[in-house]
Amino acid sequence: MDRRLLPAIVLLGVALAAPFIVYPVFLMKVLCFALFACAFNLLIGYVGLVSFGHAAFFGGAAYITAYSVKVWGWPTEAGLLAGIAVAALLGLAFGAIAIRRQGIYFAMITLALSQMVFFFCLQAKFTGGEDGIQSIPRRPLFGVIDLKNELTLYYVVLAIVLSAFWLIYRTVHSPFGQVLKSIRENEPRAVSLGYRAEHYKLLAFVLSAALSGLAGSLKSVVFQLASLTDVQWQMSGEVILMTLVGGLGTIFGPVVGAVVVITMQNYLAPLGEWVLVIQGVIFVVVVLAFRRGIVGEISAWLSRLRA
Amino acid sequence: MAGAVEFILETQGLTKEFAGFVAVRGVNLQVRAGTIHAMIGPNGAGKTTVFNLLTKFLIPTAGRIHYQGREITKARPADVARLGLVRSFQISAVFPHLTVLENVRIALQRRLGNSFHFWRSEAVLDGLNERAHALLADVGIGDFWALRAADLPYGRKRALEIATTLALEPEVLLLDEPMAGLGHEDIGRISALIRRVAKGRTVLMVEHNMSVVAELSDTITVLQRGEILAEGPYGEVSRDARVIEAYVGTGHG
Ligand SMILES: Nc1ncnc2c1ncn2[C@@H]1O[C@H](COP(=O)(O)OP(=O)(O)OP(=O)(O)O)[C@@H](O)[C@H]1O
Ligand SMILES: [Mg+2]
């Protein structure tokens, strides 16, 4: 057997057994945010663009799924697809405006656009204002799979998130991913070889937005809730934190980052506002001391051992 | 049509201003198809700026550019590359963390038309390996294919850059100081390579190394302070009093 597959098989075993040991809703929350962080990482790690507006895709999709399932009575799978589609369209709009900018300008424009989405969600009737959209029914998937059973829901969420991971992996290692890499390495050279760099960045942005939307949609199914927290700028900050803590540009980094941050929030919740302070401290420490993130530092350490 | 034009690349009144400073002023450049055309001039004369204008990396303040008889003044940089006008850079431009083979494959890949396919495995690119190996062998770096481009010695990076450019099968090659930073041995090798690849193509190159210019070029354009100072074959231009003064004046040999 291929030895490189071993860690993946172990992880899969852990993921399958986990809901018997840990509270499934907590695990599903971790999965949703791990997907969100990986989607974000596709952009920051493989295109080199820092978006400060990913909450718009996450939260926007959460609202769309919530509304279409609860108010229109759509089946869950249709609600998820609607969330992804709207997130992709939002991504296309954001990208079309921001993609030619770089660095801090790109971050500022995405932040500004996502604030517009936030205020829209705050004002619009259908989002339910401060209350959000609550008690979203968990309609059976494809009319047969009962999502009211928490364990079933967990395995469905796991399957969807793993497929999304696979798509991200595939994208990074595809002909498209190869061109993305060349653009990140030396954009003028890639352009001089005939690649219209903005188009490639835009597609990466839309993919990242769509997958972030899937994460948000899943979250609204799991918690049966979509609220302003999902579209708020803090959500954009949180995903940056997860990605940096785990290690950007690594495949597993964002997953580890999500696990760390969500676990911390969960166990430190009794401390109230102090969670934010602790998060801030961790953020500063990571940026200053572990620039490659947890996974990045570990793999650097392993390759030093081997050398 | 393409075969009918005498000048494959032509500019009229090409001008570029940077915030009040005129880097290129009213340049009328004519590059004859099938020749090696050198552009020389002291540092800061505007040579790289002209290249950036020709390849659309900069938008001219005034003037027009024709390539193969069609106007490309408003084209986008990626599009002129698709038309066969391909440049290299003054500072060697490779993709450092890709392998030498992957560097060339990037250039070959565009024609497959799968460059937006994010759902396919990159294994579909393996079909390009044979052609990529041939191109690397052609510029004398066939044995280095598995190295990361960053780990190549500088002279070999130049060769890789040329192989990558040739992968596009360009009509016109624009080389910005291909000999810069090269040792004696590499200069001989790269200049032989340029002579060889120039067969059936047009080459426009910026170069400070006068013996290379003398040896390779059919025509020389001398640029000074953004304007054309002299033009003609080496023997003529090198005797031109204004050219000698321009070079002596700035300490160039
Ligand atoms: N983007 C820019 N903004 C402002 N000024 C510029 C810019 N690019 C070039 N210049 C100026 O234009 C002039 C011409 O520069 P250019 O790089 O074209 O010279 P060059 O002939 O290629 O010189 P060298 O032999 O040193 O490569 C220089 O004075 C340079 O400072
Ligand atoms: Mg120059």
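1. In this predicted model, a side-chain N or O atom of B:N43 sits 2.8 Å from an oxygen atom of ligand 1. The side chain of B:T48 likewise places an N or O atom 2.7 Å from a ligand 1 oxygen. B:G44 takes part through its backbone: one of its N or O atoms is 2.9 Å from an oxygen atom of ligand 1. On its own, ligand 1 exposes 630 Å², and 63% of that is buried by the protein.

2. Helix α11 (residues 233–246) of chain A packs against helix α14 (residues 293–306) of chain A, with an angle of about 10° and axes 3 Å apart. Angles under 35 degrees count as roughly parallel, and α11(A) and α14(A) are therefore roughly parallel to each other.

3. On the α11(A) side, the contact involves A:L244, A:V245 and A:G246; on the α14(A) side it involves A:G293, A:I294, A:V295 and A:G296. The class count for this contact of α11(A) with α14(A) is 4 nonpolar and 3 polar residues, with no charged ones.

Technical notes. Residues numbered from 1 in each chain as written. Chains lettered and ligands numbered in written order. Predicted model: local features only at pLDDT ≥ 70, side-chain atom pairs only at ≥ 80, totals over all residues. Heavy atoms only, no water. Axes fitted to C-alpha atoms, helices over the stretch in contact; angles between N-to-C directions. Helix = DSSP H or I, 4+ residues; strand = E, 2+ residues; numbered from the N terminus. Parallel < 35°, antiparallel > 145°, perpendicular 65-115°, else oblique. Contact = heavy atoms within 4.5 Å. Nonpolar A, V, L, I, M, F, W, Y, C, P; charged D, E, K, R; others polar. Polar contact = N/O pair within 3.5 Å; in protein donor to acceptor, adjacent residues only side chain to side chain. Areas by Shrake-Rupley, 256 points an atom, 1.4 Å probe, with all protein chains shown as cover.
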